Amino acid sequence: MDTVMLIVNPSSGKELGEQHATHAEEVLRERYGHVDVRFTEKEQDATNFAREAAEKQYKAVIAMGGDGTLNEAVTGLAEAPHRPDFGLIPLGTVNDLARALGVPNDPKKAIEALRDAEPTPMDIGKYENGYFMNVIAIGLIAEAVDEVSVEEKTKWGPFAYLIEGVKAFREHSPYTLSIESENGQFDGEAYLVVIALTNSVGGFENFEPDARLNDGLLHVYIFEELGLKDALQLTPALFTGKLKETDSVTSFCTTRVSVHSPESLPVNADGDTGGTLPFTFEILPSHLNVLKPV
């Protein structure tokens, strides 16, 4: 008999976490045998719970919540010698990792998908302040994302971030950045840097259509302009996967990238505050097995 830990953020999903947890526990018990259910109450709870599951050599850890909760759980598993399989039940607004994995956004369907989901190797990213499973944002959007309310995210979805970014553009000059890697270098001014691990960023599932769960690459995008005119060009490109073809974007792939600035620019990791520059970001290839629907 195997043991699985179910980590639930009860405040996610319009505070329906506990209700969905009962269903999830039933499904997981059928698959694994024993289910250890934990409810988060504060920041870092999910990290500590996941770390405990790894130390006890549980078979799997399932996180129920938004991308922030998932990031905390992944962080708890990342450094462990024994890393349990990782599964997720999305309850957030954007749910980028769920989109990249093909996990249904409907929690009930996501729970049912765990019955026969297959462990699949997945890359994760690492930097001085922690780990990320989906995206790093530096600059304008990283600042603006804290201004987006839950109501705005519910009403506008991924467009809420773009709208807030364009509004912030009016009040900001571009940032001076130095970006170095083995496959690309940038020295100049830009409004935003995005380092993506998966195809879905900010709810735009074609942000990086070439990204794969285990391609061993960081996909770097540098937005040199982000005004209204540029937003009008970028919006269709976000849907069609053609950001690389737009005039205001520079992009390259790498396994390690350093980003510096004379300013103390904020870094956003998987939707949450992740410190300020400078940082070096690197890929940990196929570092974690994630439960992917068949």
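Two strands are taken to pair if DSSP finds at least two bridges between them, and strands (E, at least two residues) and helices (H or I, at least four) are DSSP runs numbered from the N terminus. The model is a predicted one, in which local features need pLDDT of at least 70 and side-chain atom pairs count only at pLDDT 80 or more, whereas totals for chains, interfaces and linings use all residues. Residues are numbered from 1 along each chain as its sequence is written, and side-chain values use heavy atoms, with hydrogens and water left out.

With these terms in place, an open sheet of six strands can be followed in the order β12-β11-β10-β7-β14-β15, its pairing being antiparallel. At its edges are β12 (249-254) and β15 (272-276), each of which pairs on one side only. Strand β14, which covers residues 266-269, joins β15 in the antiparallel sense over three bridges, and Pro266 stands opposite Thr276 of β15.

Rolling a probe the size of a water molecule over the atoms shows where empty space is left. Here a cavity is a set of points, on a 1 Å grid over the protein atoms alone, where a 1.4 Å probe fits but cannot get out, and its lining residues have an atom within 4 Å of a point. The largest cavity has a volume of about 30 Å³, the volume being the space filled by probe spheres set on the grid points, which are joined across faces, edges and corners. Its lining consists of Leu88, Val103, Ala110, Ala113, Leu114, Ala117, Leu291 and Pro293.

Aromatic rings of Phe, Tyr and Trp (its six-membered ring) pair if their centres lie within 6.5 Å, with planes under 30 degrees apart counted as stacked, over 60 as edge-to-face and the rest as tilted. The structure holds eight such pairs. In one of them the ring centres of Tyr127 and Phe279 are 5.0 Å apart and the planes stand at 85°, so this pair is edge-to-face. It links distant parts of the chain, since Tyr127 in β5 (residues 118-127) and Phe279 in β16 (residues 279-292) are 152 residues apart. Ring pairs also gather Tyr127, Phe132, Phe279 and Phe281 into a cluster.

Most residues other than glycine have a negative phi, and most peptide bonds are trans. Asn95, although not a glycine, has a positive phi of about 55°, and Ser286 in strand β16 has a positive phi near 45°.

Technical notes:
On a 1 Å grid over the protein atoms alone, a cavity is a set of points where a 1.4 Å probe fits but cannot get out, and a pocket is an open set with protein on both sides within 12 Å along at least five of seven lines; lining residues have an atom within 4 Å of a point.
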